[in-house]
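Hello,

Here is the structure we talked about handing over. Please open it first; my notes follow below.

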Amino acid sequence: MKISYNWLKQFIKIDLKSEDTAAILTDLGLEVEVVEKYQSVKGGLEGVVVGHVLTCEKHPDADRLSICTVDLGDGTPVPIVCGASNVAKGQKVPVATIGTKLFDGEGTEFEIKKGKIRGQESHGMICAEDELGLGTSHEGIMVLDASLKPGTPAAKVFNIENDEVFEIGLTPNRADAMSHMGVARDLRAALLQKNSNVELITPSVSTFRIDKRTLKIDVDVKDSKLAPRYCGVTISGVTVKESPAWLQNRLKAIGITPKNNIVDVTNYILHDLGQPLHAFDASKINGKIIVKTVAEGTKFVTLDEVERTLSAEDLMICDEKGPLCLAGVFGGKASGVTETTNSIFLESAYFNPVSVRKSAKRHSLNTDASFRFERGIDPNITEFALKRAALLIKEVAGGEITSDIIDIYPKKIEDYPVFLHFDKTAKLIGQELPKETIKKILASLDIKVNSVSDAGLGLIIPSYRVDVQREVDVVEEILRVYGYNNINFTKKLNATVANSARTEDYKVQNIVATQLNSLGFHEIMANSLTTAEYVKLSSMLKEDYNVMMLNPLSNELAAMRQSLLFSGLEAVSYNINRRNGDLKLFEFGKTYHKLLSGYDEPKHLTLFISGNRMAESWTTPQNPSDFFLFKGYVNSVLERLGIGKTQSAPVKSDVFAEGMAIAYGTDTLVEFGTIKKSILKHFDIKQEVLFADFNWNLVLKLINNKIKFADIPKYPEVRRDLALLVDSSVAFDAIYNVARQTEKSLLKDVNLFDVYEGKNLPEGKKSYAVSFTLQDNTKTLTDDQIDKIMNKLQKNLETEVGASLRK
């Protein structure tokens, strides 16, 4: 947000340097990011003076050039070669002296230098108005008032305005400071705290009166919830033309291009008082003004000549034939002010912030008006701003006020009552402030003290402070005006040591994150806000479960995520599109679900891998990441946390092309597998992506916190291998479980080291090569013991899973 220093001084009379004012505003929470200089004419006409043409003769070598002798007021006339046809002896003219920097129509700087033109010396330039930036004419040089003295700076002649503009990084909660009056109000509070006795100068509307009652336009507000207050008045006999210089300079300083005097006044009041206004061409209003919503799908052409399809939730300003304006957002082309307009209906209203926000985002419109309405303006300034604007329009466009002010305000928006406890204030600030200081600060912020007791103050918060509705908000107001830097630090140092369990969530996250980092994974942190459309990519997600934002920043950030998958795929796609396709990512985060009984926020750990296992190198062949590598990563997380006694289960989620789940009893601990190509296509991902989703809340419950230590065995282990012929439907887990049940004490490990299907095997069969590791911690195993165990294993495998030795 841009604030003009000259404009600001209309509300508060101060003579501080701009850098000092910027420092005060920043301390108040209105952070000044930069201070820029503004000049109504670029360069400020510095070096341009009034010259008196003493002589003017034709150039001997050029018919279109003249050689002039010009008095610049320093007592030494100088020769200047001029190409203008209207230059003549005796004129007072603007002269750019040697060293002056001027700017062409495109803003390119050029310097006036001493030189020769066709052999004749020239010590400056007699200027036309476009060369000085004072207009567009280049028909000839400017001829000034004959009474001007030579040497007078042109900046004084043309009243060049020099200003300084503060670029303020306004936080969304400070709706009250979205105007010059709002910033001045805050600045006054800070200066009063510094014992500088300044007053806030409020523009007077005491001269407002009804000239005639010849053009009455009735107003019918159909929905007072969406339009709590609506004011309007008609002004007739206006002349739409260019605004006066002072008004144009005010708008140009803050980056607004002037349009015409009517529109410029509405823009001026918006940035002056913070109240958006809209002017309708009264001759284009059919019957009365109706404030209402319209039918879904209604077509409407806005001022930018774009046809928009309206929603049944959009609040519209209509007449008896149809919509005229998208309330609080953008005007309509059919009712806009043009050069032929001679009477207007001027609107000043307070619209529901949520309604305006939704309409602006729905139609991808971000206007100065919607920016203010959707954050909450002052509902009690509506009529005052209307009177102020009407008086300005009469000043710059002529005309007469031809109707009474219509003010529809059925239910007044009341100020907020808050009780401030002195002890809580001291506790939050960390220092006890004098009670009189607190009262003084509150008074400077227009916060009324309604009651006083030993415990605290009963306060009334003005309705324009929509961000101050709690006691803690009032404490923040006191603190920012008092000054954060004025709070003393205590010399007493308190330290506490908290004893927390090893299974605390943050500790377990650190353990797993460290392990995944060592495996080449990078942690990501995605936005919990996402598009509601993602739920359509999986039947496991329900639109009814979406937690929707009441005031979303955009349609892409309108819902809380129901799955970490899609935000993770956004990160995968982003990296692949930037030639970083070998990815290992993980994220800890919550999902959000709206249930009949309330809301649920389960926590998850998700893993993503895609691309090759290792970076390209001449020493290592390129091998793509696959399901079994990913399964190893998933199991390594569970093993690191000591989670055992799990079993495989079918995957339930339909986001997987193929996958599996690991369960603990009846609860699913983790699902993982390959993402469907149809989902990947939605994110423009053309390579395989593997995804795992851990139920982190269940993981925390199952962590084995008991660590057992044992001596390294002194006796050797023995390995025996079996080549087993099994049905194609038999999984290795079945063989593993049978082996573990057969020999619980001496069997240390079961490993699958080869799988074969194809030629020389019966149809429907496959071969598993399985190794069994045996070891006794008390003695060396004998051949008889080993053979006995292996025979028992072979027999049980044949009985339980139909395995036979491959011949």
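**Salt bridges and overall build**

Glu383 and Lys387 sit four residues apart in helix H10 (residues 382-397), so about one helical turn separates them. The model is a predicted one. The two side chains form a salt bridge, with 3.8 Å between the closest N and O atoms. Glu383 is partly exposed, at 27% relative accessibility. Lys387 is partly exposed too, with a relative accessible area of 23%.

A network comes next. Salt bridges with shared partners join Arg174, Asp176, Asp186, Arg465, Asp467, Glu477 and Arg480.

Arg465 and Asp176 meet through their side chains in a salt bridge, at 3.3 Å from N to O. This pair links distant parts of the chain, 289 residues apart. Arg465 lies in the loop between strand S27 (456-461) and helix H13 (471-482). Asp176 lies in the loop between strand S12 (162-169) and helix H5 (180-193). Are these two residues buried or exposed? Both Arg465 and Asp176 are buried.

Now a further pair. Glu400 and Lys212 form a salt bridge, their closest N and O atoms 3.3 Å apart. Glu400 counts as partly exposed, at 32% relative accessibility. Lys212 is partly exposed as well, with a relative accessible area of 41%.

How many salt bridges does a search of the whole structure find? The search gives 38. As background, side chains of opposite charge can pair when their charged atoms come close. On the charges of the chain, there are 99 positive and 106 negative ones, and their mean positions are 4 Å apart.

Then the chain as a whole. It has 20 helices and 42 strands. The radius of gyration is 40 Å, well over the 28 Å that the globule rule gives for 807 residues, so the chain is more spread out than a compact globule. Along the principal axes, the C-alpha atoms fill a box of roughly 130 × 80 × 70 Å.

Of the 807 residues, 47% are buried. The accessible surface is about 42100 Å², and carbon and sulfur atoms hold 49% of it. Among contacts with a separation of 6 or more, 70% are between residues 24 or more positions apart.

Best wishes

Conventions. Residues are numbered from 1 along each chain as its sequence is written. Side-chain values use heavy atoms; hydrogens and water are left out. Helices (H or I, at least four residues) and strands (E, at least two) are DSSP runs, numbered from the N terminus. The radius of gyration is taken over C-alpha atoms; the globule rule is 2.2 Å times the number of residues to the power 0.38. Buried means under 20% relative accessible area, exposed over 50%, partly exposed in between (1.4 Å probe, protein chains only). Contact means heavy atoms within 4.5 Å. Accessible areas come from the Shrake-Rupley method with a 1.4 Å probe; for residues, only the protein chains shown count as cover. Lys and Arg count as positive and Asp and Glu as negative; His and the chain ends are not counted. The place of a charge is taken as NZ of Lys, CZ of Arg, CG of Asp or CD of Glu. A salt bridge is a side-chain nitrogen of Lys or Arg within 4 Å of a carboxyl oxygen of Asp or Glu.
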